[in-house]
Amino acid sequence: MDFSVPEELDEIRAAVRELCSQYPGEYWRALEPDRYPEEFVRALTEHGWLAALIPEEYGGAGLSLTAASVILEEVNASGCNAGACHAQMYIMGTILRHGSEEQKRGYLPKIASGELRLQAFGVTEPTVGSDTTRIQTTAERVDGGYVVRGQKIWTSRALHSDLMLLLARTTPLEQVERRTEGLSTFVVDMRAAQDAGTMTIRPIRTLMNHATTEIFLDGVEVPADALVGEEGKGFRYILDGMNAERILIAAECIGDGRWFVGKAASYASERVVFGKPIGANQGVQFPIARAHAAIEAADLMRYKAAWLFEEGAPCGAEANTAKLLASEASWAAANACLDTHGGFGFAEEYDVERKFRETRLYTVAPISNNLPAVARLKAASERSSASCSIPRPMKTTRERRSLSGHSGRCSGGWTTCWTPFSTSGPAVPTFSRPLTRSTSSPRACNSIVSQMPKAVQSSGSSKIRHSARTSCPCAGESS
Ligand SMILES: Cc1cc2nc3c(=O)[nH]c(=O)nc-3n(C[C@H](O)[C@H](O)[C@H](O)COP(=O)(O)OP(=O)(O)OC[C@H]3O[C@@H](n4cnc5c(N)ncnc54)[C@H](O)[C@@H]3O)c2cc1C
């Protein structure tokens, strides 16, 4: 097992961090409560970061999911908010994997260049919530295409997107054998629909600045060639994309977590109360150190999930686990950071309260942590009660890549849907050029120390410094 980090990832981190340094806390604060970070998103687009997953032949960078996750992690670790634009990176995956060549050639180069934004994802509806297969929005077949009627809620970035990937029911629920069938995905031209007066978008003010909206679809005319893949298979396509989404969101949470830990640690070493830095008190150290440990653990799961994804292997359980662990870790770090700052944690100028609000989202969206947790418990109990305990032979990469789709049926309740469908996605050859995790290096050890709270490395508190050294498994080797 090789845990070393390839140089390319360090280069990506450095470049993203450099770009993000031009968008400090003041920039984000000035946007509150609800202005879109247009300049920041434009800069990320122009530097090609949001086209990381688009293959080179379509104008993108053709990077691996691991590399893409590092980009978003670094955005959040820099104090910025990738939530403003992360979907531009991954929604296009549905077109890439399931779209026609004409759709790929038509959309992907323009998405890569930023000429078109595809960063609105219309799945959730007000009446059915997490129970996606019961959505009420319909796309009715007419001459030349479809007419869409219904309502979406929480469609983020809709007012800053040209296109929306829409999930709608094309066959009534009563006429399908399984409720996962009869749903279809469309690439909808939002500008045209708004101009025609058939689409109304209303912003929803939320806890944090997230540009989310509700959308009313009152007879939106969609041409036949806007259908992605086969009619009726849309639910599967959406789930295919969710593994990548979960891994990327996990990485953002890890970035947030690192920001909180770093911020808490440096404040703990600077703030002197009762004649010593507050970080000299174990009561202050422990929650920060625990959050740091949780982030590191979640990070391992994120890399494992990304690796499986790149191998074309089932990764639904790992992707969801990574998102769950990372969102809980970042939330723990957020609380530790706020507590460390005491009253100042509530003051805008420290950015702690802003990041605190931003990271809170990810235990609830894009999927509530309850749902994959329930699914995993169910899957685990099914595994443990299965008669065969002989390990299944590993498939070769080639065999895995040849998996053409979902092996599973959505047999019963919604809980089973999340795991079987999202674990057996098709091959992902298009996310080419995986960055290999190469040579081993003692840097792996050093980086553990360097990522510990800054106070641990630099403060005058010998107690904190001591705990950092001892927490490194290779303490004897590190300088
Ligand atoms: C800021 C924001 C941005 C979003 N952006 C998008 C977007 O761009 N596109 C999009 O399609 N959606 C988006 N969402 C929607 C998001 O994915 C949903 O909010 C989320 O999936 C939960 O759905 P819900 O809010 O309807 O909760 P509900 O489904 O009503 O659930 C409410 C609570 O009950 C729990 N619950 C429900 N059923 C069970 C069960 N069987 N067992 C245990 N617990 C259960 C849930 O876990 C949750 O905690 C966004 C949401 C927010 C808040």
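Predicted model: local features only at pLDDT ≥ 70, side-chain atom pairs only at ≥ 80, totals over all residues.
Visitor: How many helices and strands does the secondary structure of the chain comprise?
Guide: The chain has 479 residues, of which buried residues make up 49%. Among its contacts with a separation of 6 or more, 75% are between residues 24 or more positions apart. The secondary structure amounts to 18 helices and ten strands.

Visitor: What is the handedness of the crossing of helix 1 and helix 4?
Guide: Helix 1 (residues 7–20) packs with helix 4 (residues 65–77) at an angle of about 35 degrees, and their axes are 9 Å apart. Residues making the contact include Leu9, Ile12 and Val16 of helix 1 and Val70, Ile71 and Val75 of helix 4. By class, the residues of this contact are eight nonpolar, no polar and four charged. The crossing is right-handed.

Visitor: Which helix gives the most residues to the shell around the ligand?
Guide: Of the 20 residues around the ligand, Val123, Gly129, Ser130, Trp154 and Ser368 come nearest. The shell consists of ten nonpolar, ten polar and no charged residues. The most is given, with three residues, by helix 13 (residues 370–385).

Visitor: Against which helices do the buried residues of helix 12 pack?
Guide: Helix 12 covers residues 352–360, and its buried residues are Val352, Arg354, Lys355, Phe356, Glu358 and Thr359. They pack against helix 2 (25–31), helix 9 (234–270) and helix 11 (316–341).

Visitor: Is Arg354 buried or exposed?
Guide: Arg354 is found in helix 12, and apart from residues up to four places away in sequence, Arg354 touches Trp28, Arg29 and Glu32. Because 20 other C-beta atoms lie within 10 Å of Arg354, the residue is buried.

Visitor: What separates the C-alpha atoms of His47 and Ala15?
Guide: His47 is found in the loop between helix 3 (38–46) and helix 4. With 14 other C-beta atoms within 10 Å, His47 is partly exposed. His47 and Ala15 are 32 residues apart along the chain, and their C-alpha atoms are separated by 9.7 Å.

Visitor: What is omega for the cis peptide bond that joins Glu32 and Pro33?
Guide: Pro33 lies in the loop between helix 2 and helix 3. The bond from Glu32 to Pro33 is cis, with omega of about 5 degrees.

Visitor: Where is Pro366 found?
Guide: The peptide bond from Ala365 to Pro366 is cis, and its omega is near 0 degrees. Pro366 is found in the loop between helix 12 and helix 13.

Visitor: Does Arg157 count as buried or exposed?
Guide: Arg157 lies in the loop between strand 3 (145–153) and strand 4 (163–169). Its phi is positive, about 65 degrees, although Arg157 is not a glycine. Since Arg157 has 25 C-beta neighbours inside 10 Å, the residue counts as buried.

Visitor: Does Phe274 count as buried or exposed?
Guide: Phe274 lies in the loop between strand 9 (272–273) and strand 10 (276–277), and its phi is positive, near 55 degrees. Because Phe274 has 8 C-beta neighbours inside 10 Å, the residue counts as exposed.

Terms used: Residues numbered from 1 in each chain as written. Buried ≥ 20, exposed ≤ 12 C-beta atoms within 10 Å, placed from the backbone. Helix = DSSP H or I, 4+ residues; strand = E, 2+ residues; numbered from the N terminus. Contact = placed C-beta atoms within 7 Å. Near = placed C-beta within 6 Å. Nonpolar A, V, L, I, M, F, W, Y, C, P; charged D, E, K, R; others polar. Axes fitted to C-alpha atoms, helices over the stretch in contact; angles between N-to-C directions. Left-handed = near helix turned anticlockwise from the far one by under 90°.
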